[in-house]
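User: Got a model open here and want to walk through it with you. Can we start with the aromatics?

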Amino acid sequence: MTPGPHRHAPLPAGAARAPRRRALLQAGALVLLLGRQHIARGASIVAVRVWPAPEYTRITLESDELLRVRQHFVSDPPRLAVDIEGIDLNPELRELVAKVRPDDPNIERIRVGQNAPGVVRLVVDLKQPARPQVFSLAPVAAYGHRLVFDLYPQTPVDPLEALIAERLRDAPAPRGAAADGGHALGLPATAEPPDPLGELIARTESQRKSAAAAPPPMTPRPAAHTDRLIIIALDPGHGGEDPGAIGPGGTREKDVVLKVAHLLRERINATTVDGNPMRAYLTRDGDYFVPLATRVQKARRVQADLFVSIHADAFTNPEARGASVFALSQSGASSSAARWLANKENQADLVGGLNVRAKDQHVQRALLDMSTTAQINDSLKLGSVLLGEIGNVGRLHKPRVEQAGFAVLKAPDIPSVLVETAFISNPQEEARLRTSAYQEQLADALMRGIMRYFAKNPPLARSRTV
Ligand SMILES: [Zn+2]
């Protein structure tokens, strides 16, 4: 749909809807028309949600009918003003004001008011200059129409810098030694402490030249030795608008898998491989939506050595149970169940709410077609040891690694697996997944699997395109 040259004019009450729909808005301000069908006359907001995160903060207005909005972004002081037409201020909308948390990285506050009859004005005051994206989502899953405001900071959060900042924040760690000695594998650290951050920066700097999206410049530092940081990308599934599977007792997949990822991060960060410190990098470290392709991009940006996506399965039959592990397939799924599951997991972007008009979507898709046979072979090895370890703490759904076209496993240069820790739809497994004891057992099992993989496939032996 292409915006025409028409100008917006207020219509008298009772005017026919068709001309109103045709009156595409292009009156100086940035204006967005969100669909043709059934522009709301008596639409109401049924829910409002705010999802704060350093990467971006999302505001969602869910309504029973499609909403039409006009938006203006004012840069000084930074704020987004949105006029929503065809609605009146209701208690749900007023709730939005109180839903902004003081620690929201992006939003200072939200104001709402009835601007004119049938027009609600919403002003989002921002803490820093932002790049707002406003878009609508058609009803999907349990959601009605959604109007979404994504507020990205003007200076994007860089995954690598975030990782480094986190590393520095956690300092001083006992450098060059297993932090607590509890999870170390291989040789004790050398007397001369390595400089993993310098190495990491140097590696990344040299690879950055060939990267598609160039991050802000950093000071290159030469690599003086072979020690380096071993980075494990942990990918807690779902988040934000996408709860993932929900157990019969109300447990949400997105919450459980984030907990397991945090526990696994603790273990990874306290571990060395042959004297090289390990570091976990979370593609999602909070309750917000991260598109599948962005998860892959983040892992590539930090040059992760491994990628482990963590999920909890669900099926219509509550009897289904046990953990399973998946790798990517280039040539069809290894079973119809695997194909079904991959399709289901790949729906996450729909439920989570992807702005399909965002301009980097093309790049992301091109990237996803570069998967290699070598990656899949390594992923199968990793998946196999993980499956073996999980089988020691819980029941397995399938005794071998399955394969299907999971979008999140498509980093062409990182061994990538997706772990379905258990069936959250099974009442017994749901109850178990909720306990910190089982979450810890799972994290321990995954940690042992990762170390077993590295014992046979040392990370330093991996060839890198530097
Ligand atoms: Zn999932």
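User: How many aromatic pairs does a search of the whole structure find?
Analyst: The search finds 5 aromatic pairs. Keep in mind that this is a predicted model.

User: Take tyrosine 56 and tyrosine 288. What kind of pair is that, and why?
Analyst: Edge-to-face, because the ring planes stand at 80°. The centres of the two rings are 6.2 Å apart.

User: Where do the two tyrosines lie?
Analyst: Both are in loops. Tyrosine 56 is in the loop between β2 and β3. Tyrosine 288 is in the loop between β12 (276-282) and α6 (292-301). The pair therefore ties together parts that are 232 residues apart in sequence.

User: Buried or exposed, tyrosine 56 and tyrosine 288?
Analyst: Tyrosine 56 and tyrosine 288 are both buried.

User: Which residues form the aromatic cluster?
Analyst: Tyr56 and Tyr288 form one cluster together with Tyr152.

User: OK, sheets. What is the strand order in the open sheet?
Analyst: The order is β2-β3-β9-β8, with antiparallel pairing. β2 (45-51) and β8 (130-137) are the edge strands, each pairing on one side only. On average, neighbouring strands are turned by 10° against each other, direction ignored.

User: How many bridges between β3 and β9?
Analyst: There are 7 bridges, joining β3 (residues 57-63) to β9 (residues 145-153). Within that pairing, leucine 61 has leucine 147 in β9 as its bridge partner.

User: Which strands does helix α2 lie across?
Analyst: Helix α2 (residues 91-98) lies across β2 and β3. The helix runs at about 15° to β2.

User: Back to β9. Arginine 146 sits in that strand. Why does arginine 146 count as buried?
Analyst: Its relative accessibility is 2%, so arginine 146 counts as buried.

User: Which backbone oxygen lies 2.7 Å from its side chain?
Analyst: That of valine 351, which lies 2.7 Å from a polar atom of the arginine 146 side chain. Leaving aside neighbours within four places in sequence, the contacts of arginine 146 include Arg49, Glu62, Glu241 and Val351.

User: Where do histidine 311 and glutamate 345 sit?
Analyst: Histidine 311 is in strand β13 (residues 306-313), and glutamate 345 is in helix α7 (residues 336-346). This pair links distant parts of the chain, 34 residues apart. Histidine 311 and glutamate 345 are both buried.

Methods. Residues are numbered from 1 along each chain as its sequence is written. This is a predicted model: local features need pLDDT of at least 70, side-chain atom pairs count only at pLDDT 80 or more; totals for chains, interfaces and linings use all residues. Side-chain values use heavy atoms; hydrogens and water are left out. Helices (H or I, at least four residues) and strands (E, at least two) are DSSP runs, numbered from the N terminus. Buried means under 20% relative accessible area, exposed over 50%, partly exposed in between (1.4 Å probe, protein chains only). Two strands pair if DSSP finds at least two bridges between them. Axes are lines fitted to C-alpha atoms, for helices over the stretch in contact, and angles run from 0 to 180 degrees between N-to-C directions. Contact means heavy atoms within 4.5 Å. Rings of Phe, Tyr and Trp (its six-membered ring) pair if their centres lie within 6.5 Å; planes under 30 degrees apart count as stacked, over 60 as edge-to-face and the rest as tilted. A polar contact is a pair of N or O atoms within 3.5 Å; within protein, one must be able to donate a hydrogen and the other to accept it, and residues adjacent in sequence count only if both atoms are side-chain atoms.
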